[in-house]
Every structure is written in C-alpha cells, then in structure tokens.
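Have the structure open as you read.

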Amino acid sequence: MYRSGHYGVALLAYAPVLFVLGSLDRVVAAGAGLAVVLALTPLPDADHDLPLISHRGVTHTLLFAGVVGVAAGGATWLLASAAGLAVAPAQAVVLAVGAGGAAAFAILAHLLADALTPMGVAALWPASSKRYSLGVTTADSTVWNVGLFALGVFATAAAAALAVQVA
C-alpha cells in the first residue's frame, strides 16, 4: 500500500474506537488516539531508509507493534510523571496505556493494509516466516489507495458525527 492507503485503513479501523470514546464523552482521548494513530501508521515503512533491514521485514511484525506500543507507553508515562500532568500515578498509567495502545494500533493498521497485497506480511516473525496475504490488490493500485483513504475519511467523520448525537 501507498501512504494514502495506509492512512485510509488506519482511519477505517480507528472509526469504531473514535465512536466509542466520543459517545462516552472522552473527546480528548479520542482525538489524541487519532493523532497518534495517524502519526505512527507510516512508521513500519521507515525500513525503506534503514540499511540491513529488508522491506516488510522486522518492522512489519506483531513484535514490532508490541515494541512500539511499549516504547510509546513508557515515554508517555515518563513525560506525564515528569511534567506533573497526572495528579496520581494511576493517571500516568492510564495515559501510558492509552498512548501505547494507540501506537500499537497504528502499526497493526499498517500491517492490515499491507496484508491486502499479494506480498503480504510475516506478522508472526520470528516465530514463523510465513507471510499472510489477502491478495486483493497490488500495493500501487490508485483505485484501492484512494478508495481506502476516502472510505476511511468517511467512516471517521460518520463515527464522530454519530458519537456527538449519542453523547
């Protein structure tokens, strides 16, 4: 997938989360989660610029999603604690879990988008090198990339609008 397709899949996958958080009046959490997901969705493709790392290798695995989630959660906990943003340690933990979850979600959305292509992803590496693919489109398909982006924008807007009505 190209960047627009990755963003589309991420938006489409996050729309239900946005709806639930918005309808629970957790608007800041919904918006922050969306920002983290959109910021980190392209991260696995940093492997294009890294020597000795093949494309759709280690950065396209569940292991990488876990590492990114833990790193984002840990950084958020440290920043929230150091900046005094959290009144109690429990609040820092909640912020950290939310940020870590959103970060891991972003990587998983990226993997899902790449799994739509024939090349697929070896999501279970290092336990298995088997590649998982739905094979429904090529990565360079303009129709799929633009279509997924448009669908993701629509789903996100619809989720936000419905959450406002429910809340």
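H1 and H4 cross in the right-handed sense, where right-handed means that the near helix is turned clockwise from the far one by less than a right angle, and left-handed means anticlockwise. Contact, meaning heavy atoms within 4.5 Å, is made here by Gly5, His6, Val9, Ala10, Ala13, Tyr14 and Val17 on the H1 side and by Phe105, Ala109, His110, Leu112, Ala113 and Asp114 on the H4 side. Sorted by class, that contact has nine nonpolar, three polar and one charged residues. For the classes, Ala, Val, Leu, Ile, Met, Phe, Trp, Tyr, Cys and Pro count as nonpolar, Asp, Glu, Lys and Arg as charged, and the others, Gly among them, as polar.

A word on what you're looking at: this is a predicted model, in which local features need pLDDT of at least 70 and side-chain atom pairs count only at pLDDT 80 or more, while totals for chains, interfaces and linings use all residues. Residues are numbered from 1 along each chain as its sequence is written, and side-chain values use heavy atoms, with hydrogens and water left out. The helices are DSSP runs (H or I, at least four residues), numbered from the N terminus.

Here is the packing geometry for the helix pairs. Axes are lines fitted to C-alpha atoms over the stretch in contact, and angles run from 0 to 180 degrees between N-to-C directions.

| Helix pair | Angle | Axes |
|---|---|---|
| H1 and H2 | about 165° | 9 Å apart |
| H3 and H4 | roughly 150° | within 7 Å |
| H1 and H4 | about 125° | 8 Å apart |

The angle between H1 and H4 therefore makes H1 oblique to H4. On this scale, angles under 35 degrees count as roughly parallel, over 145 as roughly antiparallel, 65 to 115 as roughly perpendicular and the rest as oblique.

Now for H1 (residues 3-23) and H2 (residues 27-40). Their angle makes the two roughly antiparallel to each other, and their crossing is right-handed. From H1, Tyr7, Ala10, Leu11, Tyr14, Leu18, Leu21 and Gly22 meet Val27, Ala29, Ala30, Gly33, Leu34, Val37 and Leu38 of H2. This contact holds 12 nonpolar, two polar and no charged residues. In the loop between these helices sits Asp25, whose phi is near 65°, a positive value in a residue other than glycine.

H3 (residues 62-83) pairs up with H4. These two are also roughly antiparallel to each other, with a right-handed crossing. Among the H3 residues in the contact are Phe64, Val68, Ala72 and Trp77, and H4 residues there include Pro89, Val93, Ala99 and Ile107. Its residues come out as 18 nonpolar, five polar and no charged.

What about the largest pocket? A pocket, on a 1 Å grid over the protein atoms alone, is an open set of points where a 1.4 Å probe fits, with protein on both sides within 12 Å along at least five of seven lines; lining residues have an atom within 4 Å of a point. Its volume, the space filled by probe spheres set on the points, is about 570 Å³. There are 18 lining residues, and Ala29, Ala32, Gly33, Gly98 and Ala99 lie nearest the centre. H1, H2 and H4 (89-115) are the elements giving two or more residues to that lining, with the largest share, seven residues, coming from H4. By class, the lining divides into 13 nonpolar, four polar and one charged.

You'll find Pro126 in the loop between H4 and H5 (142-166).
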